[in-house]
Amino acid sequence: MTFNIHSRLLQWNYGLTDPPTRNVSTENFKIKMRDGVELDSIRMFPKDIPQASLPTILCRSPYGMSSVSWTYGTIFAERGYQVVIQNCRGTHGSGGPSVQFVPYEYEGVDGVDTVLWIQQQSWFNGKLATYGMSYMAYTQYATLTSDEFFMTGKQHPISASCITVGTSNMKYNMAESIDLDAPNAKIGPDGPLGSVLGLQRLVMWMGTIYYQERGLWKMVSFLAEAQAKKLSERNKNILNSVPIIDIDKKITDEECSWYRAMITKGLKDKEYMKKGILTNRVPELQVPFSMVAGWYDIFLPAQLNDYKLLQKVARDRPTNNGKLTVPYLLVGPWEHTNSEMLSTSLKQSILWLNAQLKGDLSGLQEKPVRLFVTGIREWKDFDEYPPKAYKPRQWFLNVDFKLTDSQPTETDAKDQYTYNPENPTPSVGGSLLYGTIGSVNQSELESRDDVLVYSSAPLAVDLEVIGEGFVELHVESTVQHTDFFVRVCQVDQTGISINISDGIVRLQASRNKVRRIKVGLSPFAHCFRKGCKIRLQVSSSAHPRFGRNHGTGADMATDTEFKISEQTVYRNSMHLSHLELP
């Protein structure tokens with residue numbers, strides 16, 4: 001067996017078992033698309049195994065073939081797969097110097113043309129899977145749901161898909177919430193509520209795409225600043241600047257056309273939104289999936305929505321072997337770029353692909369759903385997500401800022417705060433692309449005058465909750481346009497409060513009118529320990545994670561004005577504001 005230091009470093013770093021071979025070859029080529037554009041591609045394969053006997057894995061990425069081949073390509077090829085890796089159109093010179101990267105625009109047709117090309121190659125054995133995380137997950141969905149392969153009555157050319165921290169809804173910058181009192185209320189951007197821009201992650205992703213093309217030193221410098229635990233003064237000033245349409249020039253020194261399109265069209269132009277949202281086709285997919293997700297990942301709610309849709313498809317589809325059709329899900333205590341998450345994804349995907357493409361079921365877990373429960377730091381296996389054994393429980397906002405399991409008896413009780421968008425309530429922890437991510441101390445945030453804090457009594461027993469809760473609030477504002485952000489926390493016996501889950505909703509036409517709103521919480525699996533308290537925060541922003549609401553109703557992209565608002569939360573026998581835990 002050929003000694004390969006790169007191979008052994010990968011094996012050590014990701015905790016993998018010895019591969020069958022370390023002798024891997026690489027072949028570079030271009031694949032012509034239907035419009036004549038040629039995309040840079042490579043094929044990696046083990047030298048000492050006959051190629052015609054090997055299944056193929058396709059990875060399409062905007063982040064450069066070199067980084068993908070260095071990790072995924074080498075690891076899969078050493079374990080008996082051919083791996084085709086392709087630079088997405090307009091990235092790293094793929095398609096030529098005049099071709100620009102436009103997110104979501106060409107991933108479907110380019111993915112289809114690449115699959116058709118693979119099918120024509122002499123080394124292809126008829127078995128093809130896809131793999132990738134983040135945007136690479138979206139490229140899989142774009143190919144899987146393309147018109148050429150979708151609902152044709154023929155067997156899908158892709159035999160399996162491995163999705164890691166990614167979704168069919170790449171425009172999940174939106175807060176999916178619902179106004180219960182609105183006529184014909186609908187969830188999301190088509191309903192009476194506005195949508196909230198995921199400002200920080202969109203800006204940082206724009207910077208990542210830009211600087212990866214400007215040389216190693218510039219990319220390293222950008223990431224070092226972006227990934228710092230504390231937001232740098234430079235980035236803080238940029239994210240606080242208005243109008244936000246000009247943030248691109250402050251991050252990259254030039255205009256970014258797709259960023260500008262996203263913030264001017266992405267939250268209100270239905271046709272534009274459809275280019276990055278493929279969720280409506282997910283329920284019809286009959287391709288086996290394996291998913292790896294993180295409780296602090298930016299795409300978690302949308303990814304778990306995809307999983308639930310696929311789970312239903314598998315239940316409704318007759319099968320001779322349930323292990324090969326039911327989708328697999330693993331959710332750990334990770335953020336979007338966590339190294340342990342990537343290691344787990346690779347291990348899980350190798351076992352899944354061995355089952356799907358090689359018929360080796362020995363590595364599959366007994367139950368399809370595996371969740372890490374925070375609070376007790378334990379892995380638990382389930383037959384489905386969300387598990388049915390967990391019953392909802394309500395906690396009511398009550399007198400003296402208490403959370404109680406009994407309803408309030410007062411008839412006109414309410415709490416108020418002043419929100420000033422020029423000094424927005426900051427985001428502290430939670431789901432971010434870079435920065436201070438996950439569960440962190442909330443003490444400083446909770447001391448602010450623009451944050452309402454409600455706490456339960458110490459729990460008499462452990463309380464384990466798994467799934468997707470919500471907060472129902474009865475609110476009023478002195479401005480027409482405003483947001484409400486909620487966050488569930490755990491307070492330990494020393495008084496330290498850490499965040500568990502949160503959600504945000506944007507209201508329109510709400511001035512001096514009591515509104516009953518439902519704010520969905522991000523999914524979580526957590527055990528509140530005996531002696532700890534459950535806490536609920538209510539505020540009106542989590543900036544710059546979510547772009548703040550200026551309160552003016554003007555165009556978000558170009559608005560430079562702000563309106564201060566007086567916010568009221570009603571909590572009485574007529575207005576039962578409450579938290580529901582799953």
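## A buried threonine

In this predicted model, Thr 143 is in contact with Glu 107, Gly 108, Gly 111, Val 112, Val 115, Phe 149 and Ile 158, neighbours within four places in sequence being left aside. Thr 143 lies in helix H4, which covers residues 135–144. Its relative accessibility is 2%, and because the cut-off for a buried residue is under 20%, Thr 143 counts as buried.

## An exposed tryptophan

Trp 12 belongs to helix H1, made up of residues 5–14, and with a relative accessible area of 68% Trp 12 is exposed. Together with Ile 5 and Leu 9, Trp 12 makes a nonpolar surface patch of about 390 Å².

Strand E17, residues 470–477, is mostly covered, since eight of its eight residues are buried. Phe 470, Glu 472, His 474 and Glu 476 point one way from E17, while Val 471, Leu 473, Val 475 and Ser 477 point the other way, and all are buried.

E17 pairs with strand E20 (residues 515–520) in the antiparallel sense over six bridges, and within E20 the bridge partner of Phe 470 is Gly 520. Strand E23 (residues 565–570) also runs antiparallel to E17 and is joined to it by four bridges, with Tyr 570 of E23 as the bridge partner of His 474. Strand E24 (residues 578–581) is joined to E17 by three bridges, again antiparallel, and there Val 471 has Leu 579 as its bridge partner.

Technical notes
Residues numbered from 1 in each chain as written. Predicted model: local features only at pLDDT ≥ 70, side-chain atom pairs only at ≥ 80, totals over all residues. Heavy atoms only, no water. Patch = residues over 30% accessible without salt bridge, like charges linked within 9 Å, V, L, I, M, F, W, Y side chains within 5 Å. Areas by Shrake-Rupley, 256 points an atom, 1.4 Å probe, with all protein chains shown as cover. Salt bridge = Lys/Arg side-chain N within 4 Å of Asp/Glu carboxyl O. Helix = DSSP H or I, 4+ residues; strand = E, 2+ residues; numbered from the N terminus. Buried < 20%, exposed > 50% of the residue type's maximum accessible area, 1.4 Å probe, protein only. Contact = heavy atoms within 4.5 Å. Pairing = 2+ DSSP bridges.
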